[in-house]
Amino acid sequence: MFKLNEIKELIKLVDETSVHELELESEGARLSIRKPGKTEVVSVQAAPQYVQAPAAQPAPQYVQAPADNVQAPAAGQAAAPDAASSSLHKIVSPMVGTFYKASSPDTAPFVSVGDRVDEKTTVCIIEAMKLMNELEAEVKGTIVEILAENGQLVEFGQPLFLVKSE
């Protein structure tokens with residue numbers, strides 16, 4: 001079984017190198033890490049038949065994976081201009097998991113738009129495999145926008161917050 005710290009270290013190593021994909025298997029557990037933004041071609045083939053199939057087999061289908069994890073803005077939200085968002089620091093998800101704004105449903109969110117944060121301020125929780133992982137801001141500044149909804153599934157590298165750094 002892989003430990004969370006080992007997974008985080010492997011993610012950092014893959015992110016800092018030219019490796020685009022890493023797959024490991026240990027003690028029956030399998031871990032696959034892929035960099036976002038890479039276009040891949042995936043071959044989809046029908047499962048093997050146990051009954052004698054006709055001589056003509058259908059050709060495999062090829063699916064183009066999206067190049068980016070681009071999400072359309074929710075209804076009522078305007079897309080941020082590129083010039084403005086490029087000067088902002090993005091706090092991104094370090095893993096795939098479920099985004100939570102607060103430690104429990106009946107408590108206040110860790111941060112809101114307009115809140116000042118520093119490097120050690122907890123901004124959210126990412127739940128992965130029943131483990132609650134607190135995410136820190138890692139930058140000093142002011143929260144400008146929260147890009148994820150409470151309870152939303154987030155991807156590795158997905159921007160969660162925009163911070164105007166000091």
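1. Strands β1 (residues 21-26) and β2 (residues 29-34) pair in the antiparallel sense, over six bridges. Here a strand is a DSSP run of E with at least two residues, while a helix is a run of H or I with at least four, and both are numbered from the N terminus. Two strands count as paired if DSSP finds at least two bridges between them.

2. This is a predicted model, in which local features need pLDDT of at least 70 and side-chain atom pairs count only at pLDDT 80 or more, while totals for chains, interfaces and linings use all residues. Residues are numbered from 1 along each chain as its sequence is written, and side-chain values use heavy atoms, with hydrogens and water left out.

3. Four strands form an open sheet in the order β9-β8-β6-β11, and their pairing is antiparallel. Its edge strands are β9 (131-136) and β11 (153-154), each of which pairs on one side only.

4. Strand β6 (residues 97-100) runs antiparallel to β11 and is joined to that strand by two bridges. In β11, L153 is the bridge partner of T98, and V154 is the bridge partner of G97.

5. β6 also pairs with strand β8 (residues 122-128), in the antiparallel sense and over three bridges. In this pairing, F99 stands opposite I126 of β8. As background, side chains in a regular strand alternate between the two faces of the sheet.
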